[in-house]
Amino acid sequence: MQLAVWTYEGPPHVGAMRIAASMSGLHYVLHAPQGDTYADLLFTMIERRKSRPPVTYTTFQARDLGKDTAEVFKTACQHAVERFQPQAILVGASCTAELIQDDPAGLAKALGLSIPVIPLELPSYQKKENWGAAETFYRLVRGFCGGIALPDRSGRTRKTCNILGSTALGFRNRDDIREVKGILDALGVPVNVVAPLGATPADIARLPEADFNVVLYPEIADTAARWLERTFKQPRSATIPIGATATRDFVREIAQLAGVDPEPALEALGERLSWYARSIDSNYLTGKRVFIFGDATHAVAAARICRDELGFKVCGLGTYAREFARDVRAAAADHGVEALITDDHLEVEDAIVAAQPELVLGTQMERHVAKRLRLPCAVISSPVHVQDFPARYSPQMGFEGANVIFDSWVHPLMMGLEEHLLGMFREDFEFNDTAEASHLAALGGKADRQDQAAAENAAHPVAAPQGDIHAPAADALPAGWTNDAEKELRKIPFFVRGKARRNTERFAAERGVAPITVETLYDAKAYFGR
């Protein structure tokens, strides 16, 4: 195990909690010591839910270890069923309780409860949160759908579908479901069940009735969807509708599965990203370097949008979801970069510094990294913080999701461009803080105010900004540079300063120029800019 201040995923029992918190009529009895109840805060404080998750903790203490902790678990199960009266319960152990090997599945079975009991065996020291959520959902589906006969769907006039994968704590899952339902409604495709988010155990038992499954979040639903496909002959969708192009492909794929015409829906569902991306302002951003990191679904989709819809250059792509490393590696190869597969945020930070991007798309961890490096950033994936659960409607999927993505990704770049321009002209005699506005120059008094400002600056000099320990070595004076050339180099933004330094040094070395002067710097700029 590796200890870290930040982690992309919690232990697998947190994934099981996400499934339980997503559904109604389901309760999770978790064998856990006192202190493991911290996970409740993820839902009540981060997601801002109005109720705590449906989880009962045994909360045994150190003194209980000398007694029978199995009895503590059985008592907790009985009390949970009597108090909450759920349709079914999940039983399992946290990473700490796993070490005492009390066998929650066997203990719950021995109680002879009147409701279904779904046992969970989640290896806490080998797997993590998303896997735990996927395994829990799969166990629920098998538990409630196993043994059901293959439904007769031959007499239907319209095919129906299930929407699978949305959960509590998922990145914009609530709004994505609303957006995708609108697409299905435009196609005339009825929705049988949405699960896990908003479903009950009884709804899970109705999953086989649908003709096909719409898989929105493979990290959560892929395992269950594959089992449903094998067992009940339900095809599953492969396209994730994130971005304008992917949404069009999604509409056509669903139309093919449902046997309907996609064109009326495509005409009715308007999107603005494509037009905005062709606007003059957006064209200024063509070729911007973007580093992307997150779960596999959102990271791969973000890379495709950056290149194909916004004209950006993907300079880094990675994920913490090791179960989907093959998909991310394939996408990275398509973008001409090497995939970064890691759950170490410090390794991700080093990769960002090395890639020298102009925009970072990532999780809340990358948001903090980008802030330290003074880079524009937008969050695209869990794990997220409270500001990424907005009260407003803000999907990532569908055409409206494409519009939200455009605003979220392009606006930080625009603000970064403005700050860059301010930095470039801060010392210009016409644009400094004491300069007279051009339309007021006739009023006079400009020189007096400049003299006064100069005197104030002399009396109270402004300290130079301290260097960031995470900034790349481009801030240091390279060997053979004059002081004037160094000052000019520092005017270049951090995210391209390293490249400018390397190009200039190569230009000078090839021509035997030493030392590097301001003129050399601009000659190199003109040479490489051709």
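Is Tyr320 buried or exposed? Tyr320 is buried, with a relative accessible area of 4%. Here buried means under 20% relative accessible area, exposed means over 50%, and partly exposed lies in between (1.4 Å probe, protein chains only).

1. **Basis.** This is a predicted model: local features need pLDDT of at least 70, side-chain atom pairs count only at pLDDT 80 or more, and totals for chains, interfaces and linings use all residues. Residues are numbered from 1 along each chain as its sequence is written, and side-chain values use heavy atoms, with hydrogens and water left out.

2. **Overall make-up.** The protein chain has 21 helices and 12 strands. Both are DSSP runs numbered from the N terminus: helices are H or I with at least four residues, strands are E with at least two. Of the 530 residues in the protein chain, 51% are buried. Take the contacts between residues at least 6 apart in sequence: 71% of them join residues at least 24 apart. Contact means heavy atoms within 4.5 Å.

3. **The five-stranded sheet.** An open sheet of 5 strands runs in the order S10-S9-S8-S11-S12, with parallel pairing. Strand S10 (340–341) and strand S12 (377–379) are at the edges; each has a single partner strand, so one side of each lacks a neighbour in the sheet. Two strands pair if DSSP finds at least two bridges between them. Strands of a sheet pair through backbone hydrogen bonds, either parallel or antiparallel.

4. **Pairings inside that sheet.** S8 and S9 are parallel, with 6 bridges. Phe291 has Gly316 in S9 as its bridge partner. Strand S11 (residues 359–362) pairs with S12 in the parallel sense over 3 bridges. Val360 is opposite Cys377 in S12. S8 is mostly covered, with 5 of its 6 residues buried.

5. **Helices across the sheet.** Helix H15 (residues 345–355) lies across strand S8 (289–294), strand S9 (313–319), S10 and S11. H15 runs at about 170° to S8. Helix H16 (residues 364–372) lies across S8, S11 and S12, at about 170° to S12. Axes are lines fitted to C-alpha atoms, for helices over the stretch in contact; angles run from 0 to 180 degrees between N-to-C directions.

6. Rings of Phe, Tyr and Trp (its six-membered ring) pair if their centres lie within 6.5 Å; planes under 30 degrees apart count as stacked, over 60 as edge-to-face and the rest as tilted. The count comes to 5 aromatic pairs. One of them is Tyr8 with Phe293: the ring centres are 5.3 Å apart and the planes at 50°, so the pair is tilted. Tyr8 lies in the segment before helix H1 (12–22) and Phe293 in strand S8, so the pair ties together parts 285 residues apart in sequence. Both Tyr8 and Phe293 are buried. The rings of Tyr8 and Tyr320 have centres 5.1 Å apart and planes at 15°, so this pair is stacked. The Tyr8–Tyr320 pair links distant parts of the chain, 312 residues apart, with Tyr320 in the loop between S9 and helix H14 (325–334). Ring pairs join Tyr8, Phe293 and Tyr320 into a cluster. The relative accessible area of Tyr8 is 5%.

7. **Charges over rings.** The charged end of Arg178 sits over the ring of Tyr393, 3.8 Å from its centre. Arg511 lies over the face of Tyr527, at 4.8 Å from the ring centre. The rule: NZ of Lys or CZ of Arg within 6 Å of the ring centre and within 35 degrees of the ring normal.

8. **Strand S7.** Strand S5 (residues 161–166) runs parallel to S7, joined by 4 bridges. Asn162 has Asn213 as its bridge partner in S7. In a regular strand the side chains alternate between the two faces of the sheet. Both faces of strand S7 (residues 212–215) are covered. Phe212 and Val214 are buried on one side, Asn213 and Val215 on the other.

9. **Cysteines.** The disulfide count is 0, where a disulfide is a pair of cysteine sulfur atoms within 2.5 Å. The sulfur of Cys315 is 9.6 Å from the closest cysteine sulfur, in Cys306, too far for a bond. Cys315 is buried at 15% relative accessible area. Cys145 is buried at 0%.

10. **Ile115.** Ile115 is in the loop between helix H4 (104–110) and strand S4 (117–119). Ile115 is buried, with a relative accessible area of 16%. Leaving aside neighbours within four places in sequence, Ile115 is in contact with Val81, Pro86, Gln87, Ala88 and Ile89. Ile115 and Ile89 are 26 residues apart in sequence and 7.5 Å apart in space, C-alpha to C-alpha.
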